[in-house]
Amino acid sequence: MRKVWQTRKSDVSGNGNHWYQQPIAWLGIVIFVASLAGCVHLIVLAATHEDPPIPTADKDISFRIPATRDPPEAPTPVKKEP
């Protein structure tokens with residue numbers, strides 16, 4: 001006896017429900033393309049506008065962090081006791 005395979009209605013290939021007929025797929029594509037366009041827009045916007053310098057009272061200190069480091073203190077010599 002020969003077994004016949006029947007297709008189910010849930011099969012995507014059999015009943016005309018292709019991926020491009022699903023609205024959730026198009027929603028995902030639209031959100032993905034919109035996020036990429038937003039990223040490109042922000043990169044272009046950042047490249048065309050220059051950041052103003054940060055106003056500081058002291059040119060060597062930024063955000064209370066000194067730009068240069070003080071030399072370390074010389075170690076105190078250890079006295080040898082006889």
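**Figure 1. Overview of the predicted chain and its confidence.** Mean pLDDT over the chain is 79, and 65% of the residues score at least 70. pLDDT is the predictor's confidence in each residue, from 0 to 100. This is a predicted model, so local features need pLDDT of at least 70 and side-chain atom pairs pLDDT 80 or more, while totals for chains, interfaces and linings use all residues. Residues are numbered from 1 along each chain as its sequence is written, and side-chain values use heavy atoms, without hydrogens and water.

**Figure 2. Elements of the chain.** One helix and two strands are present. Their order from the N terminus is α-β-β. Helices (H or I, at least four residues) and strands (E, at least two) are DSSP runs, numbered from the N terminus. Helix 1 has the highest mean pLDDT among the elements, 96. Strand 1 (residues 61–62) has the lowest, 60. Where pLDDT is low, the predicted coordinates should not be read in detail.

**Figure 3. Surface of the chain.** The accessible surface is about 9000 Å². Carbon and sulfur atoms hold 64% of that surface. Areas come from the Shrake-Rupley method with a 1.4 Å probe; for residues, only the protein chains shown count as cover. Buried residues make up 0% of the 82 residues. Buried means under 20% relative accessible area, exposed over 50%, and partly exposed in between (1.4 Å probe, protein chains only).

**Figure 4. The nonpolar patch.** Trp19, Tyr20, Trp26, Ile29, Phe32, Val33 and Leu36 make a nonpolar surface patch of about 750 Å². Patch residues have over 30% relative accessible area and no salt bridge; like charges are joined within 9 Å, nonpolar side chains (Val, Leu, Ile, Met, Phe, Trp, Tyr) within 5 Å. A salt bridge is a side-chain nitrogen of Lys or Arg within 4 Å of a carboxyl oxygen of Asp or Glu. Trp19 counts as exposed because its relative accessibility is 54%. Tyr20, at 44%, is partly exposed.

Figure 5. The whole structure holds two aromatic pairs. Rings of Phe, Tyr and Trp (its six-membered ring) pair if their centres lie within 6.5 Å; planes under 30 degrees apart are stacked, over 60 edge-to-face, the rest tilted. Ring pairs link Trp19, Tyr20 and Trp26 into a cluster.

**Figure 6. Trp26.** Trp26 sits in helix 1 (residues 23–48). Trp26 is partly exposed, at 42% relative accessibility.
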